[in-house]
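Open the model in your viewer and keep the selection panel at hand. The stops below say what to select and what is there.

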Amino acid sequence: MNLGQWAKDLAMGVRFAFAGGREGWVRALLTAVGVGLGVALLLLTTAIPNALAVRHDREAARTDITYGDTTLKKGDDTLVVADAGTSFRDQDVRGRALEPEGPRAPLPPGVRELPAVGEMVVSPALKRLLESDDGKLLRERLPDRIVGTIGEEGLIGSTELAFYRGGEGLAPKVDDGPVTRIDRFGDPNPTSSERMDPILLLLILVVFVVLLTPVAVFIAAAVRFGGERRDRRLAALRLVGSDGRMTRRVAAGEAMAGAALGLVFGTVFFLVGRQIAGSVEAFGYSVFPSYLNPSPLLALLVAVAVPAAAVLVTQFALRGVVIEPLGVVRTAKPSRRRLWWRLLMPLAGLAMLYTMVGQGRDGGEFNQYLVIGGVMLLLVGVTALLPWIVEAVVARLGSGGVAWQLAVRRLQLSSGTAARMVNGIAVAVAGAIALQMLFSGVAGDYTESTGQDVSRVQMQVHVPQGVPLDSVKEKLAGTKGVDRVFGYSEGYVGDRAHEADHFTQVTVGDCASLREVASLPSCREGDAFVATGGEYDEDGAQLAKPGRTVYFDPSSEYEKTTPVAWTVPQNLKEAPSVKDPTGFKRGGLLLTPSALSERAAQAVAGEVYLRLDESVPDVREYVRNTAARIDPFADPMVWTSTERSDQFTAIRTGLFIGATCVLVLIGASLLVSQLEQLRERKKLLSSLVAFGTRRSTLSLSVLWQTAIPIGLGLLLASVGGMALGAVLLRMTDTPVQVDWASVLSMTGVGAAVVLAVTLLSLPPLLRLMRPDGLRTE
Amino acid sequence: MTAPPGSLLAAEELRKAYGPTVALDGAEFSIHPGEVVAVMGPSGSGKSTLLHCLAGIVPPDSGSITYNGRELATMNDAQRSALRRSEFGFVFQFGQLVPELTCVENVALPLRLNGVSRKEAEKAALSWMERLEVDDLRKKRPGEVSGGQGQRVAVARALVTNPRVLFADEPTGALDSLNGERVMELLTDAARSTNAAVVLVTHEARVAAYSDREIVVRDGKSRDMERVV
Amino acid sequence: MSIGHTLLGLLESGPRHGYDLKRAFDEKFGHDRPLHYGQVYSTMSRLLKNGLVEVDGIEPGGGPERKRYAITDAGITDVQRWLATPEKPEPYLQSTLYTKVVLALLTRRDAADILDTQRAEHLRMMRILTDRKRKGDLADQLICDHALFHLEADLRWLELTAARLDKLAEVVAK
């Protein structure tokens, strides 16, 4: 066979892909949309590493406060930067106060001119927020005149809230906490990228495999759209004299054309999606469209692999079909589905993963290829097992109503089609269940309990230096929504002024406040106590001896300070410690303010703890506004019971975004094939309606027809997912525990997709059941 | 003109248009119990539409259809569906057997839609299949039987509920003469034995010859030939 | 086919001379068999005798072909009856049916009606044959089938003609 003939056959296939009038176009369009959605998701996936890298680079490029200990000298090219960040509801607002010290002071990325005092430049998202009614409370805190917006290169996400405001008198505070002097923006010690924790790496690998496998399954299903019509068309070709090989090549050409159009669609979808991605914030993350650039090599791979896969799937589908000139003959008995190799795949996958059991701890390394291979084999094994199970189960399904009978008989006749339809969902659900198990299993390691008792205190405000504690307490107590205010000045004393060996805590407050941390026998202004029974307080009893001299802020080799000597008063009383508002039993010295010398009072810093009335909406914003009035750099802390590791949150976020996309995608494909199937049965449906079949009966049969294979698919997905989850947990050396809530919720989501698809296919079904379908003329 | 006395199903002044296409333009019809009436006419003349209107599948734009003294227009869709299920039977040219169900299940289907138990329905179905000489096909699926056999299965299905009116739209359209004749013989015999009326839409004279009388539909208007002659 | 009825029908549109009648007949119906003058003469004298036509005038020179004939009321009734009566279904009927249809068109009668009536007659015959066939033995069946197929062929011709009536009317009107 020469090359010319090949080309001609392929070209003929390409023509067929779009020929055939309206119906032909619709079919080609469906295939292309299906493949296109898959391609778009693939491109998005290939773009994610790039997006993460760009984000990382941008973050590094605007780094200013590094908490480093080398202090620059003031110059004409220096800038003093102070962290003025705040929070609004659940969102973080990145904020900096900038005070240039000379004409050559550096500009932060994305800012054209440094804002003067009383002015600020803001991110577009913050600008929108401040200008909206929603942002009124925040505007109170950030009253400066908005003189410009921060450009894209200065932000790490399209919805990031950020501002730079002009600062004043910042120089004396340099290197006192979050105030620093810089001569350029950018991380002075750039890290190429953090070396990833092996377990996190495992999670990321699995997330990618779990998301991409359904996409592959989906593409395979999409190129089979309209398969029966294609077979008939090929039969017509045989009639006019093509041989079997030629028809196969024509079919390949058709598949390729659909896939190629799908690539075009996919590129368009991706570009559109990229634009949309810029305006979407999911789980606190947002990106700029320009971040999402697929790496060229991966994009090329997609461009080659998708059409190739389409051709392969088509040839595979034609395997059991003999196309005769007068019609299509399916090989008499479709070879019975064999179990052994279907079972072998997931077992092999499990075996591959099993070799790595227990390597996730203590710097162990996972073999990436084994992980990917194992997870893929297991998931693909699910798709291989599903048709067998569907066939075996529906063959045994017994009697029921008419709707049930219609559905079961149809499934018995073409269980493969049904199984293919739900394969994508099964894989996605299995993968998601495994991941959820893995997440909840290892979550303990990455979620630190802060030990804070949120029922007693919900916010904490740091009293800035030089501001009296009482005035802060007063102002906060007068703030809307604040129930109670506890305030202490806190500090540490050491046994020596330099290189102290023993330390203990000092808590200063009025009698009422001190009663919150210890049960005082009696208390008058000027009293001093030593707390007994405090946690983590080994040296308290030793240092808190009447008449002993102790030192506030002892200096060390690393930190030069000005220690303040102070003598423990003679009338020191003992007081047993109780849980303070933070849920912690304090030790050390408990002092009323006048027990402290004036100099020593300078060495303690005030902390105010607030109990809030949660029924007041936005109560935290009122507190923040008050705090900002006291000190523009104050950022009151909101207490939560746990804090998650940021990296961990990012992966979870990725999974949620991805799983949502995949499920929507699969839902769309289910709907498309459902509609195609219905259209092919238009005449039959009309005649059934003619002899009086209730519409509800037919609707119900459509539901059963989807629900039975989906039910089986979800069951298998749960089993497979739990097996995979268990192995992954063993790999990370975490006790295996089934997270039933996530199993239920994931199968629930899968079922919801089915229900949605059925509901969406009902209107066309009802339309097809109209008697017009009987008209032949 | 009012419905002739004693008629089971009668229609007057039927009008029906599909968009700009006028399918029926003042058609009349009536049939008595046990009567076989052929509806003839060139293709596109509106004979299928007449059948669909008479059977309550398609509501006419105007005109009246009375079945057993009841005006179809006063019934809602569910009532008309129930009427079709229990009182009418249908045979079409093709595309009517559910390909997934076996032949006996197909025949039993209308009974099951009426709530008859599966066992009883299939028993009744089998006896009708015997009468139509296709009982040996009970386990086969429609894809595995010939056109003539399939059509006989369809006739058995149409008769299994003992309908008062059997609607047949080109029932032999896809069959050769011999099979077509056999189907017509069995269909009319069965209908006569149960005193069912048969509305037979056909463009073939030899099929129409199995009828007692014929009406001709031309350009949406009907002519009752018996009254003319 | 009835030449008498045909000539009568031709006269319905107005009085004609004998030779006019012959020419009109030949033109419309006598494609393969033109009429002889003798046939026209004998037919016309029979119609004259039966009172279906009358002589409207005679041109000088004498001879039957010189006579101008006109149809009488009785003649019109006769044509009407003839057209409305279906022919007994039998082979080689079409020349008569064709003549009837053309005459109906010429005389502005409903030609479709003639075809429908004829079809009903054919079907009546076919019903009888079908019934006989169902009750008879194989020999009966085969014989009846033969007749049925012929009748069916006629019927198809009727259908086709009915579908082409508009075209035929155009041709006839010329």
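Select strand S3 of chain C, residues 67-71, together with S1 of chain C: the two pair in the antiparallel sense over 2 bridges. Keep in mind throughout that this is a predicted model.

**The sheet in chain C**

Stay with S3(C) and pick C:Tyr69, which has C:Arg16 standing opposite. The 3 strands form an open sheet in the order S1-S3-S2, with antiparallel pairing. S1 (16-17) and S2 (53-58) of chain C are the edge strands; each has a single partner strand, so one side of each has no neighbour in the sheet.

**Chain C as a whole**

Select the whole of chain C and colour by secondary structure. How many helices and strands does chain C have? There are 8 helices and 3 strands. Followed from the N terminus, the elements of chain C run α-β-α-α-β-β-α-α-α-α-α.

Next, show the surface of chain C. Its accessible area comes to about 9,400 Å², and carbon and sulfur atoms account for 53% of that. Of the 174 residues in chain C, 45% are buried.

**A patch on chain A**

Move to chain A and select helix H7, residues 244-277, where A:Val264 has its place. Then select A:Val264, A:Val268, A:Val272 and A:Ile276 and show their surface. These residues make a nonpolar surface patch of about 330 Å².

**The disulfide**

Where in the model is a disulfide found? Select A:Cys511 and A:Cys523, which are joined by one with an S to S distance of 1.9 Å. A:Cys511 lies in helix H14 (residues 511-514) of chain A, and A:Cys523 in the loop between H14 and strand S14 (528-532) of chain A, so the pair ties together parts that are 12 residues apart in sequence. The count over all chains is 1 disulfide.

Look along the S-S bond of A:Cys511 and A:Cys523: the torsion about it is about -75°, so this disulfide is left-handed.

Are the two cysteines buried or exposed? A:Cys511 has a relative accessibility of 14%, so it counts as buried. A:Cys523 is buried because its relative accessible area is 15%, and the cut-off for buried is under 20%.

Select B:Cys53, which is buried with a relative accessible area of 1%. Finish at C:Cys144, which counts as buried at 2% relative accessibility.

Terms used: Residues are numbered from 1 along each chain as its sequence is written. Chains are lettered from A and ligands numbered from 1 in the order in which they are written. This is a predicted model: local features need pLDDT of at least 70, side-chain atom pairs count only at pLDDT 80 or more; totals for chains, interfaces and linings use all residues. Side-chain values use heavy atoms; hydrogens and water are left out. Two strands pair if DSSP finds at least two bridges between them. Helices (H or I, at least four residues) and strands (E, at least two) are DSSP runs, numbered from the N terminus. Buried means under 20% relative accessible area, exposed over 50%, partly exposed in between (1.4 Å probe, protein chains only). Accessible areas come from the Shrake-Rupley method with a 1.4 Å probe; for residues, only the protein chains shown count as cover. Patches are made of residues with over 30% relative accessible area and no salt bridge: like charges are joined within 9 Å, nonpolar side chains (Val, Leu, Ile, Met, Phe, Trp, Tyr) within 5 Å. A salt bridge is a side-chain nitrogen of Lys or Arg within 4 Å of a carboxyl oxygen of Asp or Glu. A disulfide is a pair of cysteine sulfur atoms within 2.5 Å.
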